[in-house]
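Hi,

Here is the structure I promised to pass on.

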Amino acid sequence: MSEITIALGKGRLESFTLETFKKSGIEFPDFTEDSRKLIFNDRDHIYQIVLVKASDVPTYVEKGAADIGIVGKDTLEESGADVFEVLDLGFGRCKFAVAGLPGEPYDSSSKLTVASKYPKVAKDYYHKKGVSIETIKLNGSVELAPLIGLSDVIVDIVETGKTLKENGLVVLEDISEISARLIVNKASFKTKTDRIHWFIDEMSKAVEQETV
């Protein structure tokens, strides 16, 4: 019987996710935070974790290299991956928002310029509003764009709003809530149904205990 492979992004979701695994009775004895290994097996060799860049998790799952993945909703939406999103894990909560300079009127006669690390999310949001935009893909310091005239507004993740405030920007529109999600490869969901359902149930129980 092949193992269930779980793609897990490095970074802020990593420690919380592994703790949730532990609460579900699943431990990976060889895992240490300073290890350079990328693949870890649980004690019973039922589950296998592969550590990948967070933005690559949807790709691993969509292509079937992993059966299950844990990834932020932001990354999932931007990827457009064709996977099943089966559980909101409830941690890493923040939101997508449109932000810009306060009191800046929007000239509806010209195309809105939007800078973002998430151009697909920005396009999808404004497409639903019927607003034509030009997107500028940035990889960091997105808040700088409206300050120096690179864009009219930005679409970005907002957690506390502190970075926006310190740069004189404000949230203009909320887009959607974000949190960590459990995703499943569509073929694996059919061929490894029992073990994947068991895992989803255990993760769901762990999340419920976390929120009590």
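Predicted model: local features only at pLDDT ≥ 70, side-chain atom pairs only at ≥ 80, totals over all residues.

Let's start with strand β1, residues 4-9. All 6 of its 6 residues are buried, so β1 is largely enclosed by the rest of the structure. In a regular strand, side chains alternate between the two faces of the sheet. Here, Ile4, Ile6 and Leu8 point one way, while Thr5, Ala7 and Gly9 point the other way.

Which strands does β1 pair with? One is β3 (residues 47-52), which runs parallel to β1 and is joined to it by 6 bridges; in that pair, Ile4 sits opposite Tyr47. Another is β4 (residues 68-72), also parallel, with 3 bridges. There, Ile6 has Ile68 as its bridge partner.

Next, Thr75, which you'll find in helix α3 (residues 73-79). Is Thr75 buried or exposed? The relative accessible area is 15%, under the 20% cut-off, so Thr75 counts as buried. Leaving out residues up to four places away in sequence, Thr75 touches Ala54, Ser55 and Pro58.

Finally, there's an open sheet of 5 strands with mixed pairing, in the order β8-β7-β9-β6-β10. β8 (133-137) and β10 (170-178) are at the edges with a single partner strand each, so one side of each has no neighbour in the sheet. From one strand to the next, the twist averages 25°. β7 (residues 112-116) runs parallel to β8, with 5 bridges between them, and Ala115 stands opposite Ile136 in β8.

Cheers

Definitions and conventions
Residues numbered from 1 in each chain as written. Heavy atoms only, no water. Buried < 20%, exposed > 50% of the residue type's maximum accessible area, 1.4 Å probe, protein only. Helix = DSSP H or I, 4+ residues; strand = E, 2+ residues; numbered from the N terminus. Pairing = 2+ DSSP bridges. Contact = heavy atoms within 4.5 Å. Axes fitted to C-alpha atoms, helices over the stretch in contact; angles between N-to-C directions.
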